[in-house]
Amino acid sequence: MRFENETVLITGAGAGIGRETALRIADEGGFVVVTDVDEDGGDGTVEAIEDAGGEAVFQELDVTDADAFEAVVATATEEYGLDGLVNNAGVIQSPADTEDVSESTFEHVIDVNVRGVWNGCRAALPRFKSQGGGSIVNVGSLASFLGLPKQSAYSLSKGAVMNFTRSVAAEAGSEGVRANAVCPGFVETSMGEAYFESMPDPEKAKERAKRQYPLGRLARPGEVADAIAFLLSEEASFITGHGLVVDGGYSVS
Ligand code: NAI
């Protein structure tokens, strides 16, 4: 019960990795503020948590809206006392060479993946500092460390997430705030599926990808949730500024 008497706010918690993280934290006694742009997805996560005997509320939130993020964090802090923030919401681009990526795609990817994490940290940091502690986990990607062909806007955004995480860790550590990132390889979520669906032969592309992982398969969202929960929790009390790669060995083979 690592999260007993704690409240954690998660963005993009209506599906995939965010939903699994919400379930994991609630399962370990935490109260979860489930946020997402997708109301049905967010409600579904809260329902799943309550069905399992946990506690959560849904709050609609588009992470690109700084004022809305500030308001949601303010309410969560005042009403429940916020201990943790998981900046998980993210979008992938359709595969394209850099010169063929449209301005609107570029702006959307940067807005959600970079500005969204920025907005979340800017809202939480003053509160975490004034209460003498708090834990932030940002969701990066293998693309935080590796250059992915035809994913340069996404890679740009996830590289930024990693280095921003290091900056926040260096800046706020003396005030008891930790900031880390979890950096997964392919994960079996709708985002992972969308990537393969954009390939000429999705099944073949998926099988080829699996073969590149020493563990021979893609990650389950719950395995990424486990890494997020670890870094968020007191088990990681002396870990900050770290990018925890969850990739089945892809980057070392
Ligand atoms: P997903 O597409 O299954 O879920 C993403 C959730 O974020 C959805 O519920 C969606 O409604 C929400 N969302 C999208 N834009 C939003 C916005 N502007 N404001 C608030 N919520 C928004 O994706 P998945 O796979 O669970 O991804 C979660 C994170 O993990 C993302 O940051 C992604 O970049 C990262 N990641 C995913 C990998 C994968 O293979 N699935 C690999 C590496 C990193």
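Colleague: How many helices and strands does the chain have?
Modeller: This is a predicted model, where local features need pLDDT of at least 70, side-chain atom pairs count only at pLDDT 80 or more, and totals for chains, interfaces and linings use all residues. Residues are numbered from 1 along each chain as its sequence is written. Helices (H or I, at least four residues) and strands (E, at least two) are DSSP runs, numbered from the N terminus. The secondary structure comes to 8 helices and 7 strands.

Colleague: What is the radius of gyration of the chain?
Modeller: The radius is taken over C-alpha atoms, and the globule rule is 2.2 Å times the number of residues to the power 0.38. For 253 residues the rule gives 18 Å, and the chain comes close to that, so it is as compact as a globular protein of that length. The radius of gyration is 17 Å.

Colleague: Which residues come nearest to the ligand?
Modeller: A residue counts as near if its C-beta atom, placed from the backbone, lies within 6 Å of the molecule. Helices α1 (16–27), α4 (103–130) and α6 (190–197) each supply at least two residues of the shell. Of the 30 residues around the ligand, those that come nearest are Gly12, Gly16, Gly90, Thr189 and Met191.

Colleague: How many residues of the ligand shell are nonpolar, polar and charged?
Modeller: Ala, Val, Leu, Ile, Met, Phe, Trp, Tyr, Cys and Pro count as nonpolar, Asp, Glu, Lys and Arg as charged, and the others, Gly among them, as polar. On that basis the shell has 13 nonpolar, 14 polar and 3 charged residues.

Colleague: Are α4 and α5 roughly parallel or antiparallel?
Modeller: Axes are lines fitted to C-alpha atoms, for helices over the stretch in contact, and angles run from 0 to 180 degrees between N-to-C directions. α4 and α5 (residues 152–172) pack at about 15°, with axes 9 Å apart. Angles under 35 degrees count as roughly parallel, over 145 as roughly antiparallel, 65 to 115 as roughly perpendicular and the rest as oblique. The pair is therefore roughly parallel.

Colleague: Is the crossing of α3 and α4 left-handed or right-handed?
Modeller: α3 (residues 66–80) packs on α4 at about 35°, with the axes 9 Å apart. A crossing is left-handed if the near helix is turned anticlockwise from the far one by less than a right angle, and right-handed if clockwise. α3 passes α4 in a crossing that is right-handed.
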